[in-house]
Each structure stands twice: as structure tokens, then as C-alpha cells.
Amino acid sequence: MEYSELEKIRLQKVEKIRAAGGEPYPTRANLTHTLKQAVELFEEFEKKGTSSPLEVTLAGRIRSLRAMGKLIFSHIEDSTGRVQLMLRVNEMGEEQLNQFKEDFDIGDFVEAHGVMIRTRTGEISLQATKFRMLAKAITPLPAAKDEIVDGKVVRHAVLADPEVRYRQRYADLAVNDDVRQVFRIRAATTRSLREFLDSRGFLEVETPILQPIYGGAAARPFITHHNQLKQDLYLRISFELYLKRLLVGMLDRVYEIGRDFRNEGVSFKHNPEFTQLEFYWAYADYLKVMDLTEEMLRHVSHDVLGTTQITFNGHEIDFGKPWRRVELRQGLLDATGIDIDQHLEDEALEEAMREKGLKPKPGLSRGKLIDALIGDYLEPNFIQPTFLYDYPRDISPLAKSKPGNPAVVERFEGFVGGMELCNAFTELNDPLDQEARFLEMGRAYEADDEERHPMDDDYLRAMRYGMPPNGGFGMGIDRLVMLLTDRRSIREVILFPHLREREE
RNA sequence: GGCCCAUUAGCUCAACUGGCAGAGCAGCUGACUCUUAAUCAGCGUGUUACAGGUUCGAGUCCUGUAUGGGUCACCA
């Protein structure tokens, strides 16, 4: 371990504290209030006009230090707020005051005892009579300084390098309060979703992350191995097939919030592991799920932000209004002039796209071509909340066909801010049809072994016992948090996003 | 994986067509009893991401590598 010059100076201070009989890392703190509590309590005292002083012991991390001879001002911070410390020679004598000046640095955790006062400039402060080191920092925090100009916080020298911020998230969080706020909102989001679903009779469950057969989505899995069982296992790519087994078991409304793992490329909206909400709702269909989705997002946004209006990427987005509903066929017809109902074969659609001057990748299935059209011509334009509904059957092997139209399934995807947020369908519950779909998928992926959609015999057996008709729903929580916090990258809403391994 | 851009002090950033690597903050020394990016005086802390190359001379030009960001491909 190589220490920098700055770190060596601080290590010397640790030695100095110990040599003087002090302890730079005491085992216990003895605070009486959080910083926010102390400020609020003092304000109450002032209102009541009591003459007795408010005596407190506070603890926090030193964020600023202004020493001027026989008087020191310093701000300490905890997760609830900030309080200014005022240390004067009058209260503690010169020796104590000098000790603070010599031993304490920005970044150290400190405990201070004294009375709450207002300074001449009106700032509520702790006038300390005693102080104690709680934890000495060796490495200086990457400086982030705030200046208050006309009541507005102006930030200086903010830690901004994304690599340092993600690899050393602790330092990022320590100096950037807005980053802490993102994760408070994230916690509030999952709390609100749970509360919403619980109150509607949904049961939260946990299903296997390690699975002998993966399924429920089209993605490549991570593979791992159980030594004692001598068995390869997959990290789940979705919860779908397990949650639907529970409907067979008479758990009528179930949901799970948890981690999915997909062995795919990373981007501003893709992380190898991400958090998903899925719910399955017996006796419902995709139309009921659409209504519940609108209600759920209105509820969450209001719960978390106090408003249904959000700003994302410069757009004002309103979760309060009913979502726009666009039929997939009509949407593509309007956007590209291509009527997918007129081109039911792979080659015919590919040819039609070519005629319109588009350049489809050759050899794709009709469903994949349509998927590509959605991504290019519809998704980026769905800024306000929009349901796109009625999808082609061949890219939706777990969704139920629309009565009277075998090429189309009852499926919708929800888009917000030009980004896919959720995906839902009237779930296929016909075991014979499901078996046929698995076989179709097997054929479709024959050429590419890695993306093979494996047959899940146990899932089919469950369905043969009888599965109630139901609507299912999946939503990327990370993307929802991106929307609620106006962050353009998924890495901003994941505490420790995956980065390439680096030699130190 | 392809292409484009970036990497300079602990942090934020400068450095012209190649010519002695330097500012603010933090840090160190001193002054200062109501400051709040405190102020004032002094001190410059560096393998310019890494490895080579061209050149009298490279932070700057060339090649390669690493990491990050963007974009395309793949995907959700």
C-alpha cells in the first residue's frame, strides 16, 4: 500500500492522537440527537422563548473547516442534514482549540457536546464545549464544496468522473448528496410498488434465481455450476415461468421484485443484472393489466415525488393522465406506411421494408422485423406514457392469441420517455398450444444454439393441471427509477453497476 | 465486438502551429474571536493512464495496450 503525501500527514495525526492517550477510532458514539432533530428542537425552543439552553451531543462528518485564531467554524453532516459547529477559546481553552485545529480534517467523523445557539448571522449552530474524534479519515474525500449564493447552492469541484463515481461509489455518495437522493427515491419506489400491490391482494413471493432451465424471455443466460449435485444451473432471465406455476397452485395474485441476469451487451439502459417487477393476476386479461399499470404508476409517482408530473431528459411527462393507446399495426402504418397485416410472411415484410427504402437485416423472421421497426420508428417517439398493443405471435411465445386472429397475441408494451418500461400480456394457459409454441421456438432458434429456447416440461405439466386465465406484467425497476430521478444512464440508479475488471 | 472521443496534482480544469507542466479548491507554515468556497502572507505537491516510436526536443505527432464515455451491432 502506497500512501500519498496527504495520507501520510493524516497517518501522522493518528499517531499523534494515540501518543497523547486519545483514540482515533473509539468503539462507541454517544449522540443525543440527529442533526435534523437538533435543529428542529432548537427552533421549537426559540418559539417557546425558554431561557434554558438546549444542551446536546451531536455526531457527524466534517464537511467544512474555517479556523480563525481563537474561533473555528465547521459544518458537520449526517444523513439527516448539516449543522455548523462553533468552537471558541472561551468555552474550551486554547489547548483544546489547538488540538482540534491540529488533529481534525475534512472527512473525519466527530462528536461534539455543547449548547445550540444562533450565530450573529442567524445560523443555527452548536457552540461546543467538548469534542471527540469518532473516526479519523486517512484518504481525503474527493472535494465537493458548496457555496450558498442568494439561497441557491452552487457546487464547486464536484466529483464528476464517472469511473471514480461508479468504482468508488462510497466516495461518490459521501460527497454528492444528490446521488444519495437517487437511492432514497429508489427505495421509496419499491416500497410504494409493494404497498400498492399488497393493498390489492397480491402476495409477494420469492422464486429460484438458480434454475435448471431458464425461460420467460429471449436472452442469453449466465451459467453456473453446483459442485455437489454435479449440475449446471442458470441464473434466471425472468421470473415468469415460476410465478405462473403459482397460479396453478391457487395463489391467485402473486408478484416478485428481484434481480434478473442477462448475459448481453451493456448500455445506458442495460446492466447485466437488473431489478424487475413481475406480477400475475388470475381472471384478468391484458386490458385490466393496462388499467392497473396506469393506476400503479400514478400511485408510485405521487407517493415518491408528491406529483404525477415528472421531468425526464428535458420532457415534461405526466403519469396522471390516461396513457395513449396505440395498436401496433396502426402505429407502424402511420409511422412507416407499411401495413404488417398485408405482409404475413417473413420475406414479404422484408421486401416491403426494402421498397420503403429501409434496410432490414436479411433473414430475420417477421416478428423480429416488426420488433426492429418498433425500436426504430415508434419507441423513440413514445415520450408520454404509451401502450403499444397487439403483437405478432412469433416473438411472444408465452402470450395468448387474440380471438379470431391467430397471427396476433394479446400483448402490450408500455413506453415512457422514449424507452420501453414494461411488457405484459394475457398469459397463454392452454398447455397444448404452449407445447406447440415451445416446439416452434426450438425450431426458430435451431440455427443459433446459444439463444435456444429450452422446453420446460415441468412448466407444461403444471399447466396441464389447469391454469386460470390471467394477465401478467413485467417492469424494469431501474428504468422506472431513471424516469423518476431524471437520470439518463442505468448506472446512475444502480449502486454498484458492473464495470470491466481493472488491474489496480 | 466495430467506429468515434477522452485520460494532465487528492478534486475541477488550463497549457497556441511540438519549445522550462500551472490555476482554483484541499494540503502544509504563519496571522486572525461570527465565519460559511472565510480572508491575508508564504510553500507547488506530477511516471501528463501504460508501453514503444518519430524528433535536437513530445502533455501535444504516430503505433499498440488499458479504462471510461458516446455510437452501431446484439438485446430487454
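Predicted model: local features only at pLDDT ≥ 70, side-chain atom pairs only at ≥ 80, totals over all residues.
Q: How do you know how much confidence the predictor places in chain A?
A: The mean pLDDT of chain A is 90, and 95% of its residues reach 70 or more, on a scale from 0 to 100. Strand β7 (residues 152-156) has the lowest confidence, at a mean of 67, and strand β8 (residues 203-204) has the highest, at 98. Over residues 447-451 the pLDDT is below 50, and this stretch has 5 contacts in the model beyond near neighbours in sequence.

Q: Which domains does the domain assignment give for chain A?
A: The assignment gives domain 1 as residues 5-140 and domain 2 as residues 179-323 + 384-492. The centres of domain 1 and domain 2, taken over C-alpha atoms, are separated by 49 Å.

Q: Why is S74 called buried?
A: Buried means under 20% relative accessible area. S74 has a relative accessibility of 0%, and therefore it counts as buried. This residue lies in strand β2 (residues 71-78). Not counting residues up to four places away in sequence, S74 touches I62, S64, L65, R66, V83, Q84 and L85.

Q: What makes the approach of the S74 side chain to the backbone oxygen of S64 a polar contact?
A: A polar contact requires a pair of N or O atoms within 3.5 Å, one able to donate a hydrogen and the other to accept it.

Q: Is Q84 buried or exposed, and how do you know?
A: Q84 has a relative accessibility of 5%. The cut-off for buried is under 20%, so Q84 counts as buried. Its place is in strand β3 (residues 81-88). The side chains of Q84 and R66 are joined by a polar contact of 2.9 Å. Leaving aside neighbours within four places in sequence, the residues in contact with Q84 include R66, F73, S74, H75 and T119.

Q: How do you know that β10 and β11 pair?
A: Two strands pair if at least two bridges are found between them. β10 and strand β11 (residues 231-235) have 4 bridges and run in the antiparallel sense. Across this pairing, H225 stands opposite D232 in β11.

Q: Why are β9 and β10 called edge strands?
A: The sheet is open and has 3 strands in the order β9-β11-β10, with antiparallel pairing. β9 (210-211) and β10 (223-226) each pair on one side only, and they are the edge strands.

Q: What makes strand β12 mostly covered, and which strands pair with it?
A: Of the 9 residues of β12 (residues 253-261), 7 are buried. β8 pairs with β12 in the parallel sense over 2 bridges, which meets the requirement of at least two. In that pairing, Y255 in β12 is the bridge partner of E204. Strand β13 (residues 273-282) is joined to β12 by 9 bridges, and the two run antiparallel. Here G258 stands opposite Q276 in β13.

Q: How do you know that the buried residues of α9 line one face of the helix?
A: In helix α9 (residues 328-336), the buried residues are L328, G331, L332 and T336. Seen down the axis of α9, these residues fall within an arc of 100 degrees, so they line one face. An α-helix has 3.6 residues a turn, so residues three or four places apart point the same way. The buried residues of α9 pack against β16 (324-327), α11 (366-378) and β17 (386-392). Just after α9, G337 takes a positive phi of about 80 degrees.

Q: What makes the phi of N313 and of D486 worth noting?
A: Most residues other than glycine have a negative phi. N313 is not a glycine, yet it has a positive phi of about 55 degrees. D486, likewise not a glycine, also has a positive phi of about 55 degrees. N313 is found in the loop between β14 (309-312) and β15 (315-318), whereas D486 lies in the segment after α14 (477-485).

Q: Why are N313 and D486 called partly exposed?
A: Partly exposed lies between the buried cut-off of under 20% and the exposed cut-off of over 50%. N313 has a relative accessibility of 33%, so it counts as partly exposed. D486, at 34%, therefore counts as partly exposed too.

Key. Residues numbered from 1 in each chain as written. Chains lettered and ligands numbered in written order. Heavy atoms only, no water. Buried < 20%, exposed > 50% of the residue type's maximum accessible area, 1.4 Å probe, protein only. Arc of directions from axis to C-beta. Contact = heavy atoms within 4.5 Å. Domains from an automatic or database assignment.
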